[in-house]
Amino acid sequence: MVQTRRDFLKRTAALSAASYLGMLLPFNSAGEALAADDTVWHRGSCRLCGTGCRLELGVKNGLPTALRGVPESRTNMGFLCMKGMLFWKVMNHTDRLTTPLYRAKKSDKFKKISWDEAMNIAADKFAGAVKEHGPNSVAYYGSGQALTEETYFFQKIFRGGLQTNNVEGNPRLCMASATAGYMTSFGADEPIGGYADIEKADCIFIIGSNMAEAHPVIFRRVMRRKLDNPKVTVINADPRISLTSRIADIHLQFNPGTDLALLNALAYVIIDEKLHNEQFIKDYVAFKKGKEESCDFEEYKKSLADYTPEKAATIMGGKVTADQIREVARKFATSKGTLSMWTMGLNQRKQGVWANNLIHNLHILTGQLLKEGADSLSLTGQPNACGGVREAGGLCHILPGHRPIEKEPLRNQVEEAWGVPKGRIPAEPGLHTMAMFTAVNEGKIKAMWINCTSPVQSLPNCDLYNKGMAKDDTFIVCTDIFPTKTTELAANLVLPTAFHFEKTGVYGCTERRSQITRKAINPPKGARPEVEIIRDWAALLAKKLNDPVITQCIKPFEGLEPEYALPKAIWDEYSQKLTKGRDNDLSGAPYEVLEGMFDGVQWPAPTAEYAKTGGTVKKFVRGMDPLAEKLKTDDKPYQFYGAAHPDHKLWVWLRPQANPAEMPDADYPFYLSTGRIIDHWHTMSITGRIPELLRANPYAYIEINPKDATRLGIKPGDMVEITSRRGTNIMPAKVYEGPIEGMVFAYWHDQHPDRMINKVTIDAIDPGSKQPEFKICACKIKKVSGPQALKPYIT
Amino acid sequence: MVIAGFVVQCQPQSQQDTVAALEAIGQVEVFGADEKGNIVTVVDAESSADLEKIVKRMEKLEQVLTVGLTYLNMEDEAEKIALGELSPDPFPRKPLKKATMTT
Ligand code: SF4
């Protein structure tokens, strides 16, 4: 029987779905038609959230034409969400940037210029700024979507070449509190376990995360776990009932910002009912009440007296009862394995680090850690916030390999690896994100490179910082694939770059797993991979500054073709010289090893043989983590070797409930919270150009509780003005039982000036992590008109 | 021609009804199902817009818990986009703003 291409594709589609289920179909993939198919499949990662789903891009005649998941992958078992499935549709979009664009003044029109001219201008401006105003007058602002090779290389040139630690990135806006939480509670950044715990957990505690929209494939795993084992308890704690709440057995809905009281109350019940793990505490735990200040279990217990379930329920308001708190605490402590997952709801807070500490406290007290199904797992928002920015030196206070900048011997290790003189890397941390954009406002940053991110839309209280970015005091280079609000308002020079699958490099996802994506198709003519741009720019800088040390920084990469050899050499330098011997040891995972994996390698992975098994599923556990054996200090099964805790203990912290920076009052009576919608990625410059995704959610709307809506005379679809002390938005109302009474909620993807919610959000920061409190501020709302026809808007 | 493979999830007890309801939607073919309520489903749609509509109908079926896409082939559309014959924009847009205009 002749099989048409249509039949063939349908069978292929069926086989792909069946393979996820281990189901056999009466035909197989070894058929004749398959052999004749000219689609070539290229394996890589999805780039549209931090889950790290593995997929294969089908390329036919040089064009991306198809996509499928990788069933063998331990991150997604083959499943993808709609966003991940469709991202490749933008690769040939007519809006792709393909020529360098330049304007001397930001009020001018852009002119097309050649790459040679563009690189010369970029080098002139940065060299000029350094000569005239010193190294700290230049800055790099990067992204959790940049490849590790790109972040690493940029920071190498800024620190080792230009001698500034003004190296930051948008993960400061999403992950900084999680990092500080892990460092202060466990002594080392990043989670102990990973996704594998989902299928073993009996109690899943989801707080401050709408994973059904922000991490759909992780949510799918949770849902599958629950469907397969109805006895598994899913608890969702959130001021807003979201799509995630659908599968929750218990939903705790409370006033925004009161969850520190909840977490302390859970600890209270655990101790009060003697559900804590005494032996675990005795063997592995220290108690802390402030920097350098220790206390004991009794003092900690006493500090919880203010958080009896009754008192906490009163603080939290909403619908939470004391009995519910008790029930949750018991489930948390007594289940065979309890897995907590959270994301921006805890991190994007003025008390973000404390909130992270308090959730770790619960795991430490109960020993719900280090065993199957138990972990305190912070979900990453972006695909490479962990791998690129946290691990490879993408923030102002850390060098590659989790090295704090203020430690001279660690700086010297990096200098030695780079072959640059001792003392070349400045000892002082650079400016963190909000300080960096404040310095732009003050005209102190003279030249800035913004890579793969759009701060004009994504900074909190953005109007304030956009004023500075729009001024001609700061020369701004943007590297990106599409025009964004930032290229439009702030850039002097726009350099078109290659997109995902048009270049080669590594992403490291939530669970310490590094995964490679190899180039599968050519970028549009005129677009270049960032690593090539950085190298060429640095070569010019070396000349213009007459500085041989900059030349030294690019020496290992000279002459290498940028599609594979160049990123490979960068990864080799980073993984072999700078992760070796560190806790994120990836020296066993060169490209050759990563390319052989369906998914990737979880560090520590000090040898290739070990890396090929997938690496370390649980950190700190002897027999599972090679470093736990190597660095052991006694015979106990768990070894907390994290450099931040010299006592090798886990730390339980005394952290009181504390209000957000801005509380509702008579003038601004509502809480405003913001979040990510399922179909869109961040500022929508990619997903807004995919018809299916744009149509699904063409513009933002404001969610209002029906009781508030009735009180204010707001009906579904009415246009509503949302005003804070910083700015105003107008968008349609969605009236539904989502946000708790007294709270409104908006998605933040919309680029339209009327609906860019970050004009309204607050720029207060956590004093420890410097992460802004996107999640809570005070606002007022009022109806301005009935429903109006709106148009989607993309810059 | 757009071909997509899905794992549709339903409660195990409603599997037969779900299969029947899925097949009642034109252009949907069921290739198999397991005892956990997973259904191997293929959609053969005219275009990606058509696929979108069919997926929405599948999602709206009462027994359906999730519709998980596992494979997508849009080779005809991809070629047209690359040749400039098809604009992937769903809504007419103005030309790029002044600030991003090339001159
Ligand atoms: S869950 Fe995240 S990583 Fe996975 S396919 Fe969706 S967007 Fe991509």
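Is A:Lys289 buried, partly exposed or exposed, and what is its relative accessible area? I looked this up and found A:Lys289 partly exposed, with a relative accessible area of 33%. My cut-offs are under 20% relative accessible area for buried, over 50% for exposed, and partly exposed in between, with a 1.4 Å probe and protein chains only.

**Ground rules.** I am working from a predicted model, where local features need pLDDT of at least 70 and side-chain atom pairs count only at pLDDT 80 or more, while totals for chains, interfaces and linings use all residues. Residues are numbered from 1 along each chain as its sequence is written, chains are lettered from A and ligands numbered from 1 in the order in which they are written, and side-chain values use heavy atoms, with hydrogens and water left out.

**Entry 1, the pair at A:Lys289.** I noted a salt bridge from A:Lys289 to A:Glu293, with 3.7 Å between the closest N and O atoms. The rule asks for a side-chain nitrogen of Lys or Arg within 4 Å of a carboxyl oxygen of Asp or Glu. A:Glu293 is partly exposed too, at 40% relative accessibility.

I then checked A:Asp189 and A:Arg390, whose closest N and O atoms are 2.8 Å apart in a salt bridge. Helices (H or I, at least four residues) and strands (E, at least two) are DSSP runs, numbered from the N terminus. Both A:Asp189 and A:Arg390 are buried.

I counted 3 helices and 4 strands in chain B, in the order β-α-β-β-α-β-α along the sequence. Chain B has 103 residues, and 54% of them count as buried. Taking contact as heavy atoms within 4.5 Å, I looked at contacts in chain B between residues at least 6 apart in sequence; 65% of these join residues at least 24 apart.

I found 49 residues of chain B in contact with 58 residues of chain A. The two chains bury about 5000 Å² between them, 64% of it on carbon and sulfur atoms. Buried area here is the accessible area (1.4 Å probe) that two parts lose on being put together, summed over both. In chain B, B:Leu69, B:Thr70 and B:Tyr71 lose the most area to chain A, together 12% of what that side buries.

Which residues does the pair with N to O at 3.1 Å join? I found A:Lys10 and B:Glu29. A:Lys10 lies in helix H1 (residues 5-21) of chain A and B:Glu29 in strand E2 of chain B, so the pair joins two chains. A:Lys10 counts as buried at 15% relative accessibility, whereas B:Glu29 is partly exposed at 32%.

I also logged the salt bridge of B:Asp44 with A:Arg6, where the closest N and O atoms are 2.7 Å apart. A:Arg6, A:Lys10, B:Glu29 and B:Asp44 are linked in a network of salt bridges.
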